[in-house]
Amino acid sequence: MPPVPTRQRVRESFDRAAASYDEAAIVQRQVCQLLLDQFRPSTTPDSILDAGCGTGYGIGLLQQRWPAAEILAIDFAPAMLAAARQGADLCIAADIEALPCRDASCSIWWSNLTVQWCDLVAVCQEAHRVLRPHGELALSTLGPATFAELREAFASIDQHRHTIRFREPEAIAGALRHAGFAGVRLHRQTVSHHYPDLVSLLRAVKDIGANSVGDGVRSGMLGRRAWQSVQAAYERHRTSDGLPARYDVILAYANK
């Protein structure tokens, strides 16, 4: 599987982005709704674990759908978790790779656009451990076509990757099955958001905390000529709506 950024580095990046996250997380909210729309658990849940809850947008959707369910929100970025506290029944600062929860303690394990920053095998094993028998999992993550235009534009000036290495759908399904899940179902679709220029696009990525955590980050600033080259390369993707940021969205569902 592809390497993921260090946990400390990811935590610091999302902590810094907590204040700007909600305004910038347009695609994240859209994907959260997609994940919920296609989730049809076999029984009404009484306890839901939101793994990597961020500022808590998903908590509100889950409460609307299942108002009687107790929601446990977990995130390892303290500033993000502070914003989520008003919605969940209980918030815990913890890493979803090592949940501070009893075995078989929840009926649904839910995660929206979080596991791409994690050791997927560890996350799936922990999800399986804390779910009750016949409990169900719903997660969204990003596939390898995410930010393809951005990588292509930067490839014109250096060999740095500039994004993390997103996993193939087969790797996600394989990690779930390896952890013991059954009935694994994946759905893949492209979600795009458009920006007036490259500066606005990169600022939006920074405002959700997803910048500077790739596995090939530059050690210095771009020069003027290099920046102009990147802009020109990205302009080739412009549409009537603006410059696209493409998200290769993977929705995964499974049961214990």
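Which residue in β5 does W110 stand opposite? I opened the predicted model with this question and found that W110 stands opposite A138.

Entry 1: I looked up the pairing of β4 (residues 106-112) with β5 (residues 131-142) and found it parallel, over six bridges. I then traced the sheet as a whole. Seven strands make up an open sheet of mixed pairing, ordered β3-β2-β1-β4-β5-β7-β6. At its edges I noted β3 (90-93) and β6 (182-195), each of which pairs on one side only. On average, and with direction ignored, neighbouring strands are turned by 15° against each other.

**Entry 2: helices on the sheet.** I followed helix α5 (residues 120-130) across β1 (47-51), β4 and β5, and recorded an angle of about 150° to β5. Helix α7 (residues 169-179) also packs on the sheet, where I found it touching β5, β6 and β7 (243-255). The direction of α7 makes about 145° with that of β6.

**Entry 3: contacts and cores.** I listed the contacts of W110, leaving aside neighbours within four places in sequence. Among them are C32, L35 and L36, as well as F39, I48, L49 and A138. I next looked up the largest nonpolar core, which has 47 residues. W110 belongs to the group with the most contacts inside this core, together with I48, W66 and Y247. Apart from this core I found another, of 30 residues, including W109, C118, V123 and V184.

**Entry 4: helix α2.** I checked the length of α2 (residues 26-37). Its 12 residues should span 16 Å at 1.5 Å a residue, and the end C-alpha atoms lie 17 Å apart, which agrees. I recorded the buried residues of α2 as V27, Q28, V31, C32, L34, L35 and L36. C32, L35 and L36 of this set are also contacts of W110. As a general point, an α-helix has 3.6 residues a turn, so residues three or four places apart point the same way.

**Entry 5: A82.** I located A82 in helix α4 (residues 78-84).

**Entry 6: totals.** I counted nine helices and seven strands. Of the 256 residues, 52% are buried. The accessible surface comes to about 11,600 Å², with 50% of it belonging to carbon and sulfur atoms. Among contacts with a separation of 6 or more, 80% join residues 24 or more positions apart.

Terms used. Residues numbered from 1 in each chain as written. Predicted model: local features only at pLDDT ≥ 70, side-chain atom pairs only at ≥ 80, totals over all residues. Heavy atoms only, no water. Helix = DSSP H or I, 4+ residues; strand = E, 2+ residues; numbered from the N terminus. Expected span 1.5 Å × (residues − 1). Buried < 20%, exposed > 50% of the residue type's maximum accessible area, 1.4 Å probe, protein only. Core = buried A, V, L, I, M, F, W, Y, C linked by side-chain atoms within 4.5 Å. Contact = heavy atoms within 4.5 Å. Pairing = 2+ DSSP bridges. Axes fitted to C-alpha atoms, helices over the stretch in contact; angles between N-to-C directions. Areas by Shrake-Rupley, 256 points an atom, 1.4 Å probe, with all protein chains shown as cover.
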